[in-house]
Protein chains: 4
Amino acid sequence: MSDLDKLITLFESFPGIGARQARRFAFHVLTMNDAHNAQLAKLITGIKTSVTECESCHRFFSRYQAETLCSICSASNRDHSRLLVVERDSDIQAMERAGAYDGLYFVLGGTVPLLQSKDTEKLRAGALKATVETRLKNGLEEVILGFAINPDGENTTRFIESIIEPLLAAENKKLTHLGRGLSTGSELEYADGDTLKNALKNRY
Amino acid sequence: MSDLDKLITLFESFPGIGARQARRFAFHVLTMNDAHNAQLAKLITGIKTSVTECESCHRFFSRYQAETLCSICSASNRDHSRLLVVERDSDIQAMERAGAYDGLYFVLGGTVPLLQSKDTEKLRAGALKATVETRLKNGLEEVILGFAINPDGENTTRFIESIIEPLLAAENKKLTHLGRGLSTGSELEYADGDTLKNALKNRY
Amino acid sequence: MSDLDKLITLFESFPGIGARQARRFAFHVLTMNDAHNAQLAKLITGIKTSVTECESCHRFFSRYQAETLCSICSASNRDHSRLLVVERDSDIQAMERAGAYDGLYFVLGGTVPLLQSKDTEKLRAGALKATVETRLKNGLEEVILGFAINPDGENTTRFIESIIEPLLAAENKKLTHLGRGLSTGSELEYADGDTLKNALKNRY
Amino acid sequence: MSDLDKLITLFESFPGIGARQARRFAFHVLTMNDAHNAQLAKLITGIKTSVTECESCHRFFSRYQAETLCSICSASNRDHSRLLVVERDSDIQAMERAGAYDGLYFVLGGTVPLLQSKDTEKLRAGALKATVETRLKNGLEEVILGFAINPDGENTTRFIESIIEPLLAAENKKLTHLGRGLSTGSELEYADGDTLKNALKNRY
């Protein structure tokens with residue numbers, strides 16, 4: 001396999017990239033000047049040095065010194081009594097943009113697909129359990145599960161519940177889920193039954 | 001204008017139909033046999049005789065005898081203490097399919113667009129006011145507003161609130177709205193701020 | 001079945017209309033005034049009187065008196081030596097809009113699907129054969145097949161060739177096909193092999 | 001700007017990649033192991049050494065030794081009397097896949113946009129002129145222009161014609177264009193006027 005084909009293959013492993021676009025990427029690199037490519041290569045090899053995983057919530061953050069906690073986990077004004085468990089780093093970004101939550105987060109790192117018998121080892125289920133156990137000794141009052149409202153997200157909810165509900169129940173603490181109902185853009189005519197049931201239950 | 005052009009123009013007034021499809025419809029009529037077209041014409045002219053507007057909720061229903069109330073409004077086992085106001089007949093269908101609501105309905109017949117200065121005369125705002133006044137003397141406890149979660153729907157909500165909130169407040173009865181939050185298919189990453197705020201507020 | 005359901009079912013038979021939109025159409029009729037619906041019904045039942053099929057090309061046209069030929073077939077300045085066979089009336093409209101053709105047309109009325117064993121009886125294959133035979137005695141020099149460039153269109157081309165090629169060959173007249181190549185909007189990178197081959201062959 | 005933001009910005013410059021996907025790419029790199037990232041970086045910096053631009057047609061090819069011509073330009077069985085000028089390397093791939101052309105190519109490297117006053121300096125117009133002049137002394141009979149059938153492609157055609165038509169005319173050689181007409185998938189009803197005119201002109 002030629003170097004060009006190797007490069008195309010690596011680009012094909014990028015999320016959402018097919019053969020044709022991977023080839024475009026390789027041609028893009030070929031037309032960029034050497035300084036640009038050198039910088040790109042340097043950032044790719046070095047990014048893990050300057051970006052690290054937060055020890056507490058496991059999201060990635062840019063480390064400037066030797067800090068091990070991200071800006072949210074190290075902030076003094078966040079509410080440490082609540083922990084919102086999400087699938088991805090980008091879910092945290094969306095919540096922070098909304099400015100509606102001031103508690104802490106935990107990034108599970110994936111979902112438990114309903115149909116595939118994918119191993120759940122990549123998920124940080126063990127780390128979540130340990131985090132909940134530690135935080136229960138430090139004022140944790142509520143764990144909120146915030147996975148997608150789809151089969152994989154709901155399967156993940158059940159999986160995580162089975163792990164942490166006993167811990168929370170033993171301490172008489174709450175396990176909650178993000179509320180369901182009509183979301184922005186919803187019309188009754190096109191909403192599914194579950195959404196309508198929840199919209200009625202959560203009426204305000 | 002030829003008869004063909006007249007027919008095409010009438011089909012263009014059908015909801016969601018443009019010039020090209022209106023022409024297709026006219027050609028469809030041209031290729032159908034006379035018996036088919038006669039039946040279609042008879043149903044079009046006669047439909048208002050057999051389908052009538054419910055005197056109470058204003059949705060259309062097929063009348064078999066001289067009844068003036070639809071099957072929901074005339075059912076003995078519906079909860080008459082709650083009234084859900086919706087835009088369209090099809091919203092009622094969606095709620096009934098979900099099987100989550102056993103109260104009564106009221107079809108407003110449209111929305112109050114935010115940007116257009118469309119007259120609100122076609123809406124049954126006066127009829128809604130009269131219905132609420134009458135039902136308040138007969139055990140009404142709650143009016144639920146169930147319009148779409150978009151600018152027009154929200155503008156309609158404010159318009160209807162301005163009309164019926166005083167009536168309900170005077171009798172110490174509730175005016176509520178369908179609950180908001182994550183709907184089926186929602187992912188945090190793609191949800192807007194309002195939806196996330198509501199999802200957090202309505203967590204369960 | 002109620003009259004409303006009957007009307008919805010008839011609207012569902014309209015080209016491209018599903019259950020939901022058919023229901024909308026029925027509601028549209030219910031909200032229109034009686035005069036509007038009476039006019040619609042009258043046009044539906046009477047359209048076949050005022051719009052008739054051209055005896056020569058078989059497209060529909062609005063008849064004002066007792067004419068049996070459409071404006072194209074009865075025009076004195078069209079080139080009667082060429083006959084373009086197309087699937088639908090709307091194909092003629094597109095050709096006339098382009099202003100590129102001054103010969104005559106024949107509307108086959110459908111295609112011969114490649115996969116379905118649909119009967120070909122609805123197609124005007126017999127009428128086309130008769131038309132070609134008659135026109136051969138009146139100066140016809142060329143029949144052009146103008147079906148879609150897709151499996152059904154190409155299957156139809158083969159079917160019609162089998163019927164009229166012998167007639168034309170016997171008189172030493174031409175059977176041609178609309179030219180293939182890059183169409184407006186085409187980019188080489190996304191063009192299929194056949195299109196590129198034809199583009200090269202038809203280079204000018 | 002943090003290293004993470006720098007990397008995201010570089011990924012945003014990749015063709016067709018927006019802010020969200022660029023961020024995904026950066027996270028993808030963060031989750032890959034060091035060996036994978038080291039290989040990716042090495043290929044990015046080294047690709048220009050192993051992939052070079054063909055001296056004759058200017059497309060990129062993987063160089064194994066010190067060759068300066070790509071496999072097409074150095075093949076003994078290609079027809080050197082014809083030269084097909086295209087915009088991009090990927091256009092050559094499409095033509096070769098179609099297997100319809102056995103002449104030589106020239107990659108212009110871009111288009112002359114109709115509306116933007118973009119400089120044409122990046123295009124290899126000078127190199128094309130020199131190539132045509134040289135090849136005219138070596139049996140060149142025909143230059144085929146194969147740009148996209150859209151405003152930019154047609155503007156590019158006019159620009160290139162102005163440069164090389166005089167050269168070819170002086171030697172009594174041909175300048176041609178890829179043929180136009182119905183392409184695979186075309187239906188008459190939806191085809192534009194130019195395509196229909198060409199389809200009629202190129203009928204076969």
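Which residue of chain B comes closest to the rotation axis? Figure 1 gives the answer. In this predicted model, local features need pLDDT of at least 70, side-chain atom pairs count only at pLDDT 80 or more, and totals for chains, interfaces and linings use all residues. Residues are numbered from 1 along each chain as its sequence is written, while chains are lettered from A and ligands numbered from 1 in the order in which they are written.

**Figure 1. Chain B laid on chain A.** Two copies of a chain are related by a rotation about an axis and a shift along it. Here a rotation of 180° with 0.1 Å of shift along its axis brings chain B onto chain A, with an RMSD of 0.2 Å. Gly181(B) comes closest to the rotation axis, with its C-alpha at 2.2 Å. Both copies use the same surface: 100% of the contact residues of chain B recur in chain A. Two residues are in contact if their C-beta atoms, placed from the backbone, lie within 7 Å.

**Figure 2. Chain A laid on chain D.**

**Figure 3. The side of chain A that touches chain D.** Here 31 residues of chain A are in contact with 32 residues of chain D. The elements of chain A that give two or more residues to this side are α1 (3-12), α2 (19-31), α3 (34-50) and β2 (60-62). Helices (H or I, at least four residues) and strands (E, at least two) are DSSP runs, numbered from the N terminus. The most comes from α3(A), with 11 residues. By type, this side of chain A has 17 nonpolar, nine polar and five charged residues. Ala, Val, Leu, Ile, Met, Phe, Trp, Tyr, Cys and Pro count as nonpolar, Asp, Glu, Lys and Arg as charged, and the others, Gly among them, as polar.

**Figure 4. Helix α3(A) against helix α3(D).** Two packed helices are described by the angle between their axes and the distance between the axes. The axes of α3(A) and α3 (residues 34-50) of chain D come within 9 Å and cross at roughly 175°. Axes are lines fitted to C-alpha atoms, for helices over the stretch in contact, and angles run from 0 to 180 degrees between N-to-C directions. α3(A) and α3(D) are therefore roughly antiparallel to each other. Angles over 145 degrees count as roughly antiparallel, under 35 as roughly parallel, 65 to 115 as roughly perpendicular and the rest as oblique. On the chain A helix, Asn37(A), Ala38(A), Leu40(A), Ala41(A), Ile44(A) and Thr45(A) meet Asn37(D), Ala38(D), Leu40(D), Ala41(D), Ile44(D) and Thr45(D) of α3(D). This contact holds eight nonpolar, four polar and no charged residues.

**Figure 5. Helix α3(B) against helix α3(C).** The axes of α3 (residues 34-50) of chain B and α3 (residues 34-50) of chain C come within 9 Å and cross at roughly 175°. That makes α3(B) roughly antiparallel to α3(C). Among the residues that meet are Ala41(B) and Ile44(B) in α3(B), and Ala41(C) and Ile44(C) in α3(C). The contact of α3(B) with α3(C) has eight nonpolar, four polar and no charged residues.

**Figure 6. The sheet of chain C.** Strands of a sheet pair through backbone hydrogen bonds, either parallel or antiparallel. This open sheet of four strands has the order β4-β3-β5-β6 in chain C, with parallel pairing. Its edge strands, β4 (103-107) and β6 (174-177) of chain C, each pair on one side only. The twist averages 25° from one strand to the next. Four bridges join β5 (residues 142-145) of chain C to β6(C). Two strands pair if DSSP finds at least two bridges between them. Thr176(C) in β6(C) is the bridge partner of Ile144(C).

**Figure 7. Chain pairs without contact.** No contact joins chain A and chain C, and their closest C-alpha atoms lie 10 Å apart. Chain B and chain D have no contact either, with their closest C-alpha atoms 11 Å apart.

Key:
Copies are superposed by least squares on the C-alpha atoms of residues with pLDDT of at least 70 in both.
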